[in-house]
Amino acid sequence: MANTYTQIHIQCVIAVRYRQSLIQPEWKDQLQKYITGITQNYGHKMLAINNMPDHLHMFFGFRPNQSLSDLMRIVKSESTKWINDKQFTPAVFSWQEGYGAFSYSRSHVNKVTEYVLNQEEHHRHKTFLEEYEQFLKQFEIPYEERYIFKLPE
C-alpha cells in the first residue's frame, strides 16, 4: 500500500487446548521456527517467540495487509497440522479456541521482547492462567472467567 506507514507491535498468546502440557522441549525450537516462518511469509516481522509446554507467546511487528484474526487463524491451523503431521504428540494436538492480543508502543519493544524470551524464569513464579488474567486486567479488557482457557468439564 503506497503511502501507508505503520508501527504496530502485537504480542499474541495462544494456549494448547485444555491447557495441556504437550509442547515438549525436544521440538519447541522447530515449532517456534515454523510459526516464525508462517508469520513472516505474510509480511509481519517476528521480534520474539517462546513457549512453555501449555502456551506460546509471539511478539511481532504487524503489517496492516491482513487482519489479526486471519493471521492467528492461519498460524494456529497451519501449526496444528504441522504438529499432527510430525506426530509430536501421542494424541491429536490442537490449540485452544481464541487468543489474547496486546499492543505495545515502540518504547516497550525491548521490554516485551525480553519478557517473551524469558518465559521459563517468569513461570517459576506465576502460572499461565495467573499471567493471562494479569494481561487482561492490565490492558483493561473485560472478560468472563468461564471463557478463559477452560479445562474440559
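A crossing of two helices is left-handed if the near helix is turned anticlockwise from the far one by less than a right angle, and right-handed if clockwise. The crossing of H1 and H2 here is right-handed. The model is predicted: local features need pLDDT of at least 70, side-chain atom pairs count only at pLDDT 80 or more, and totals for chains, interfaces and linings use all residues. Residues are numbered from 1 along each chain as its sequence is written, and side-chain values use heavy atoms, with hydrogens and water left out.

Two packed helices are described by the angle between their axes and the distance between the axes. For H1 and H2, the axes come within 10 Å and cross at roughly 140°. Axes are lines fitted to C-alpha atoms, for helices over the stretch in contact, and angles run from 0 to 180 degrees between N-to-C directions. H1 is therefore oblique to H2, given that angles under 35 degrees count as roughly parallel, over 145 as roughly antiparallel, 65 to 115 as roughly perpendicular and the rest as oblique.

On the H1 side, Trp27, Gln30, Leu31, Tyr34, Ile35, Ile38 and Thr39 meet Leu71, Ile74, Val75, Glu78, Ser79, Trp82 and Ile83 of H2; contact means heavy atoms within 4.5 Å. These residues divide into 10 nonpolar, three polar and one charged. Ala, Val, Leu, Ile, Met, Phe, Trp, Tyr, Cys and Pro count as nonpolar, Asp, Glu, Lys and Arg as charged, and the others, Gly among them, as polar.

The largest nonpolar core has 25 residues, of which Leu31, Ile35, Leu56, Met58, Phe60 and Trp95 touch the most other members. Such a core is a set of buried Ala, Val, Leu, Ile, Met, Phe, Trp, Tyr and Cys residues joined through side-chain atoms within 4.5 Å. Buried means under 20% relative accessible area, exposed over 50%, partly exposed in between (1.4 Å probe, protein chains only). Two or more residues come from each of strand S1 (9-15), helix H1 (25-41), strand S2 (45-52), strand S3 (55-61) and helix H2 (68-86). Helices (H or I, at least four residues) and strands (E, at least two) are DSSP runs, numbered from the N terminus. H2 gives the most, with seven residues. Apart from this core lies another, of 14 residues, among them Phe59, Phe128, Leu136 and Ile148.

In helix H5 (residues 128-138), Phe128, Glu131, Tyr132, Glu133, Phe135 and Leu136 are buried. The buried residues of H5 pack against S1, S3, strand S4 (100-104), helix H3 (109-117) and helix H4 (119-122). Glutamate 114, in H3, is exposed, with a relative accessible area of 53%.
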